[in-house]
Amino acid sequence: MRLIFLGPPGAGKGTQAHRVAEGLGIPHISTGDMLRANIASGTALGREAATRMNAGELVPDALVISMLAERITAADAAAGFILDGFPRNLAQALALETSSVGTIDRVVLFIVDEDEIVRRIDGRRGCNQGHTYHLDDHPPSQPGVCDVDGEPLVQRPDDSEVVIRNRLKVYRRETEPLIDFYDERGLILEIKALGPVQHITRQILDAVRA
Ligand code: ADP
Ligand code: AMP
């Protein structure tokens with residue numbers, strides 16, 4: 001099954017993609033995680049991406065599209081995948097549509113209001129292996145330490161209030177038009193992404209399997 005998770009930053013796409021991918025036995029492919037891994041290991045791509053990411057702007061299409069194209073054609077993605085954070089504008093959606101990867105089955109659209117988004121991003125903490133927590137809703141057992149790997153938990157540089165506001169603006173301008181794009185193709189599946197994480201996972205799994 002080939003799925004796209006679409007929605008504003010902080011809507012819970014990464015949290016759900018991880019769980020739904022496990023449920024379906026397909027990889028969770030997050031372009032944000034891939035870019036952060038490039039920054040952490042000091043690659044040329046990471047150096048090029050970092051300034052834009054820290055400002056809440058999109059990384060140039062050419063870089064993201066070629067990075068994604070390589071990942072999506074790996075053997076583990078042959079039976080399907082969940083794309084989280086890609087596509088983020090029409091150029092990326094068209095690149096995906098005209099690629100040889102095959103048709104997308106569903107686009108899961110996360111519906112969350114803006115106050116909740118800001119609250120979620122404000123409390124988000126993570127380790128450098130990509131495990132995510134929330135200070136109030138999903139705290140680690142020991143403050144400041146990842147339950148999975150014992151790494152310190154930090155706030156993402158682009159999760160500051162000023163950068164969040166810009167990311168939301170960029171989302172509205174660049175990414176929101178994709179709702180119509182995929183609606184015209186009959187692919188949108190709306191999910192009200194409020195409430196306990198496990199309930200949302202169940203709703204998504206039931207809907208995509210239906
Ligand atoms: P995205 O990948 O869309 O940017 P995340 O999955 O990183 O969003 O979630 C953003 C923050 O909200 C994280 O701190 C996460 O722990 C928290 N979160 C995710 N889902 C829920 C939920 N259903 N209720 C409350 N908090 C949530
Ligand atoms: P995310 O982890 O999805 O919140 O993405 C974090 C940041 O990575 C974004 O604000 C962008 O700067 C960059 N990014 C991630 N995915 C893409 C993409 N598909 N196109 C352009 N930039 C991206």
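A polar contact is a pair of N or O atoms within 3.5 Å; within protein, one must be able to donate a hydrogen and the other to accept it, and residues adjacent in sequence count only if both atoms are side-chain atoms.

## Basis of the description

This is a predicted model, in which local features need pLDDT of at least 70 and side-chain atom pairs count only at pLDDT 80 or more, whereas totals for chains, interfaces and linings use all residues. Residues are numbered from 1 along each chain as its sequence is written, chains are lettered from A and ligands numbered from 1 in the order in which they are written, and side-chain values use heavy atoms, with hydrogens and water left out.

## Surroundings of ligand 2

A polar side-chain atom of R167 lies 3.5 Å from an oxygen atom of ligand 2, and a polar side-chain atom of R156 lies 3.1 Å from an oxygen atom of this ligand. A nitrogen atom of ligand 2 is 2.8 Å from an N or O atom in the side chain of T31. Of the 490 Å² of accessible area that ligand 2 has on its own, the protein covers 96% (Shrake-Rupley method with a 1.4 Å probe).

Ligand 2 is surrounded by 16 residues, of which T31, R36, E57, G85 and Q92 are the closest (a residue is near a molecule if one of its heavy atoms lies within 4 Å of it). The largest share of this shell, four residues, comes from α2, where helices (H or I, at least four residues) and strands (E, at least two) are DSSP runs numbered from the N terminus. By class, the shell around ligand 2 divides into six nonpolar, four polar and six charged residues (Ala, Val, Leu, Ile, Met, Phe, Trp, Tyr, Cys and Pro count as nonpolar, Asp, Glu, Lys and Arg as charged, and the others, Gly among them, as polar).

## Packing of α2 and α3

Helix α2 (residues 31-40) and helix α3 (residues 44-55) have axes that come within 8 Å and cross at roughly 115° (axes are lines fitted to C-alpha atoms, for helices over the stretch in contact, and angles run from 0 to 180 degrees between N-to-C directions). In this contact, G32, L35, R36, N38 and I39 of α2 meet L45, G46, A49, A50 and M53 of α3, contact meaning heavy atoms within 4.5 Å. The residues involved are six nonpolar, three polar and one charged.

## Surroundings of ligand 1

An oxygen atom of ligand 1 lies 2.8 Å from a polar side-chain atom of K13, and a backbone N or O atom of G14 is 2.8 Å from an oxygen atom of the ligand. The protein covers 92% of the 560 Å² of accessible area that ligand 1 has on its own.
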